[in-house]
Amino acid sequence: MSRPAETPVPTGRRGRRLTPYVFLGPAALLFLTFSLVPIVIAIALSFQDTQTLGEGQWVGTQNFEELGSDRLFRTALLNTVVFAVGTVPTSMAIGLALATALNRPLPGRGLFRALFFVPMVAAGVVVGVVMSWIFNTDYGVANNALEILGLGRIPWLTSPSMAMLTLILVVVWTRVGFCMVIYLGALQSVPAEIVEAASIDGAGPWARFRRITLPMLAPTTSILLILNVVFSLQAFDIIYVLTGGGPGFSTTVLIQYVFRSAFQDGQMGYAAALGLVLVAILLLFTLLRQRASKKAESFL
Amino acid sequence: MRRPTVGRRQILAVAGITMAGALAACNGESTDTQHLRLSSWNIPPDLVSYQKIADAFVADHPGTSVSVEVTTGQFHQWFITRLAANLAPDIIRITPQQLGRYAANGSLVDLTGSVPEDYRDDWSEPFWAIGQRENGLYGIFQHTDNFITYYDKQVMEQIGVQPPTRLEDAWRWDEFLEIAQEVKAATGHYAFSYGWSGSETAYRWMPLIYQNGGAFLGEDGLTPSMDTAEAIGALEFGRSWYTEGLVSPSNMSKSGGGHVDFDLFNTGQVGMALTNPEAIASFDEARPGEWGVAPMIRNTGEASDLGGNTLAVTKSSKHPELAAELVAYMTSRENIQTFCHDGNWIPSRSSLAAEDIGYADHEDVMQLFIDQGTTIPLSMVKAQSGEYFSSLNAVFADYLDLCLLGELTPRETSEQMMEAMLSVTSR
């Protein structure tokens, strides 16, 4: 039997010392250029008053102090929380239900899996434009369908109380496929013998799902939770196209306010401060995600 | 036969040459050619038109070249980032509402020395004021557009109304509301649509304030003046459109981007549309021969939307004098005539009438737009092309939306809008 080829290992002390850096170098360079340096610049910018990129005056913590008295910031923050609470659990619950349904022999199973995943692949702007047509109060497909069924028109995007719900509905539709795929992967790793054993012991389908499947999916659920929160905090394109933050301020979220402050108001320093608040929230959830990952590893 | 092999050194050499070539191409100029870049909105006939005019300029200026590019994405994001990298195009096509900030913060070049002195005489005072500042000329208004009233001929026939054709006979607000009620009854849905196209075009509603004798900003172009009785009266008028069901709630200042105004007219849900010349192509396609035009509505005063574009030279330009010369060339009478003919635009020069342009179709409609352009007030132009307008427009969009929705009364809207406007202008 021939021996497998061995990777040559640098023998000299210098070679051994340099090897890790050669492998890490390209990734580190990219991270430094496109992540670390911009973050440092953004932090510096948040302590400046500047209308354009480049030149500014140092104003200490003034931008952060202004956040406290900014009504639009508070509204955007509240809307962001409502949006996240509305989209995250719903996407995950529907994703899990679909994954469970498609995790068994079913005609056209592959096709269904692909169909549910398609909205996740579609560009946010395209989804926004198409949905603005579908949910148009006067000539949209949604209201036409309701009228055919003898039901009244719904002000999907024109009423402040409905617009956020419609937005959540659209975003859930785009995200369900992602949750479904992740859950499908996790469901396939649930040991069949445990489920069979429970069946033999007399556990019904619901009891098997609640007592065995769901607990075994807990690490995946934790990771999905954090990922979905991150997605929701970053949601910009669909909202920008679909509602423009309106009617009124009803769908203005934090990331939109960052964009508006930077490019519409030309307040780069203030926008950077707003961005850092968003980063702080994302960081909190990223830490939670790390903890969830560790928990998942220990579980496995 | 042994096939030739390519070693690492050869790959690196080829990559190096390719990279150098690519970088040279990005730079876009050789050492002995003065190259200019002009950026325009992605409107195919205009891109062709700009290149055609630029080629004629290049033919008269040996050793120069001009390329036409497309302004992509959200304008301010696109422009600010390019200015920061000193990579903005030499010449930019920019709206009056976008120009103010950049004229004030030194991002644009003074064109005064490059523009023939007699140019000024062929622009109306408001149109010239778009680019003119005390310390220089930062843009030349190339073409304009505004709002008039489109109507459904059949609906007007049904209600027995003969719409006016001359500016001096334009419907006043009370007449218009009376007719709108009848139009609503005829369509069974709504009366009219308004030509907003997303929150960044909320300013298109501002003429209503001026029609009522009010102003968005004071005479200095800086002091908020949305607290006057006239401004509040205009808000009340706007609010009534929705309380009386004359306008669809999907047609508002902030939400519902795209061309909801066209769609509502084309689907017969409204019998009138207050909007700009872009509607012509849409209405011709969906409802050929079924629509007519009347002047924009008025009240105690006249006003219409300030649409159109200005050409300006950016501080990133390596050849600002040549770029300024090209702007002057593009805004010559002959070239504005060509540009407006090819793109179906309204000329900014006062001496050009519809018959001079030779529009392919609807010469009477285009002449009405040209005439309507004379009603755009100077004070509105100064307000909209001012330093803070981009931010003020965002505030206007927010509070106008809340007023039209009925979330705030016109008086509350006025108070809260003033507070927000003052926080912008006191920066």
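A:Pro247 sits in the loop between α11 (237–242) and α12 of chain A, where helices (H or I, at least four residues) and strands (E, at least two) are DSSP runs, numbered from the N terminus. A cis peptide bond joins A:Gly246 to A:Pro247, with omega at about -5°. Please keep in mind that this is a predicted model, in which local features need pLDDT of at least 70, side-chain atom pairs count only at pLDDT 80 or more, and totals for chains, interfaces and linings use all residues. Residues are numbered from 1 along each chain as its sequence is written, while chains are lettered from A and ligands numbered from 1 in the order in which they are written.

Staying in chain A, let us look at a pair of helices. Two packed helices are described by the angle between their axes and the distance between the axes. For helix α7 (residues 160–187) and helix α10 (residues 218–234) of chain A, the axes come within 11 Å and cross at roughly 160°. Axes here are lines fitted to C-alpha atoms, for helices over the stretch in contact, and angles run from 0 to 180 degrees between N-to-C directions. The crossing of α7(A) with α10(A) is right-handed, that is, the near helix is turned clockwise from the far one by less than a right angle, anticlockwise being left-handed. From α7(A), A:Arg175, A:Cys179, A:Ile182, A:Tyr183 and A:Ala186 meet A:Thr220, A:Leu224, A:Asn228 and A:Phe231 of α10(A); two residues are in contact if their C-beta atoms, placed from the backbone, lie within 7 Å. By class, this contact has 6 nonpolar, 2 polar and 1 charged residues. In this scheme Ala, Val, Leu, Ile, Met, Phe, Trp, Tyr, Cys and Pro count as nonpolar, Asp, Glu, Lys and Arg as charged, and the others, Gly among them, as polar.

Now for the contact between the chains. Chain A brings 26 residues to it and chain B 32 residues. On the side of chain A, helix α12 (residues 254–264) gives the most, with 3 residues. That side of chain A has 9 nonpolar, 14 polar and 3 charged residues.

Moving into chain B, we find domain 1 (33–145 + 307–373) and domain 2 (159–304 + 392–425), with bounds from an automatic or database domain assignment. Their C-alpha centres lie 28 Å apart. Where the domains of chain B touch, 11 residues of domain 1 are in contact with 10 residues of domain 2. Helix α15 (residues 363–372) of chain B supplies the largest share of the domain 1 side, 5 residues.

Next come the sheets of chain B. In one open sheet, 6 strands follow the order β2-β1-β3-β11-β6-β12 with mixed pairing; two strands pair if DSSP finds at least two bridges between them. β2 (64–70) and β12 (346–347) of chain B stand at the edges with a single partner strand each, so one side of each is left without a neighbour in the sheet. Helix α2 (residues 44–60) of chain B packs on this sheet, touching β1 and β2, and its direction makes about 170° with that of β2(B). Strands β1 (residues 34–40) and β3 (residues 91–94) of chain B pair in the parallel sense over 2 bridges, and B:Leu38 has B:Ile91 in β3(B) as its bridge partner. In the loop between α3 (75–84) and β3 of chain B lies B:Asn86, which has a positive phi of about 60° although it is not a glycine.

A further open sheet of chain B has 4 strands in the order β8-β9-β7-β10, again with mixed pairing. Strands β7 (residues 148–152) and β9 (residues 272–275) of chain B run antiparallel and are joined by 4 bridges; B:Thr149 has B:Leu274 in β9(B) as its bridge partner.
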